[in-house]
Amino acid sequence: MKGTGAQLGQYPAAWHSASLRSDHLRGLLSSVGEDEFFDALEAEVARLNGQFQTCAKSIISAHHSLKHVFKLWSPFNKKKVEISVCSGAEHTKVEVKTNTIAFYAGAYIKFAKDNAVAIRSMIDEHHKRYSGERGQDYLKELWQDQSGRASFLHSPLLAELAAVELAWTVSNSCASDSEDCSNESKDGEADDSDLQCPICLDTLFKPIALACGHVFCQSCLFEACGHGSQLGTAQAILSCIPSATRCPECRSDNVVAGARQLKVLSTTLQQRFPEYWFMKEQEEKDNKTALQAQSFQLKVQKMRQVLTTRARFHPSMLILD
Ligand SMILES: [Zn+2]
Ligand SMILES: [Zn+2]
């Protein structure tokens, strides 16, 4: 990551203190029974989840408030700004450079990954002691859970954090290069394969992440769920999709209720690929107009049917075809 600054070389203290307490769990493995171990592990998962959610939401809202500041000042300036960054149980106001936000987003993505690895290795240690399938079953159940119980393993929040990191990496490389950031990426820092929709295989347009963490273009997802021709806001259309609908990528069910529009990623992609975005917006507008015309035609047809039926009962009303 470019320009995180020497003072940012260490991860936030909260990142270390909040990580999985492996020693504590290891101690339990040798001193108490399996049930107590799994109870303690589950309590740790809940604690990690709470920490991750609080920090991820805090970083995302800090990103939005900084964007607001950017609207007032010139873009990509390097003035110091004040943002609220989560630090342990309390929120502390700290003075940071704008590029710090990328650092924190990256740190909490790493927090999520490291703790996922720590949970797996704890289950390995459990297996060495007890063998059996219980550990693997626990892992499978945890990884497949879509209720947000372990959102640091896979979730829209994780996808949005990655977008925050990308947004600031792009901003900083633009600021340091003093060039138009709409160029194709030349720094190679952002992996473009992450920006591809697995359905249309094109760059994501108005991305939505499902509870399983898979990301699609809004229109591709609605089309795949059989709601491609529905008019309305994304939230309204999402609310019409049955909860049993499976993710087009991993086939998990119950993933729609926890879906989230990735607004940070949308803005970043729009800034990075303005021509592509404009083209897709035009396409979307044309589709919407066609759908509205279709729906108007249907309404007219229906009205004609009603009036024709009425005319049969009221011969004084004449309907001309
Ligand atoms: Zn797509
Ligand atoms: Zn999925």
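Leu221 lies in helix H7 of a predicted model, for which local features require pLDDT of at least 70, side-chain atom pairs count only at pLDDT 80 or more, and totals for chains, interfaces and linings use all residues. Residues are numbered from 1 along each chain as its sequence is written, while chains are lettered from A and ligands numbered from 1 in the order in which they are written. Helices (H or I, at least four residues) and strands (E, at least two) are DSSP runs, numbered from the N terminus. With 29 other C-beta atoms within 10 Å, Leu221 is buried; a residue is buried if 20 or more other C-beta atoms, placed from the backbone, lie within 10 Å of its own, exposed if 12 or fewer, and partly exposed in between. When neighbours within four places in sequence are set aside, Leu221 is in contact (C-beta atoms, placed from the backbone, within 7 Å) with Ile208 and Phe216. Leu221 and Cys247, 26 residues apart in sequence, are separated by 8.8 Å from C-alpha to C-alpha.

Beyond its neighbours within four places in sequence, Leu161 contacts Ala56, Ile59, Ala105, Tyr108 and Ile109.

The axes of helix H2 (residues 22-31) and H4 come within 11 Å and cross at roughly 15°; axes are lines fitted to C-alpha atoms, for helices over the stretch in contact, and angles run from 0 to 180 degrees between N-to-C directions. H2 and H4 are therefore roughly parallel to each other, a class that comprises angles under 35 degrees. Their crossing is right-handed, the near helix being turned clockwise from the far one by less than a right angle. Ser22, Leu25, Arg26 and Leu29 in H2 meet Ala118, Met122, Glu125, His126 and Arg129 in H4.

The protein chain comprises 10 helices and 5 strands, and 30% of its 321 residues count as buried. Of the contacts between residues at least 6 apart in sequence, 66% join residues at least 24 apart.

How values were computed
Contact = placed C-beta atoms within 7 Å. Parallel < 35°, antiparallel > 145°, perpendicular 65-115°, else oblique.
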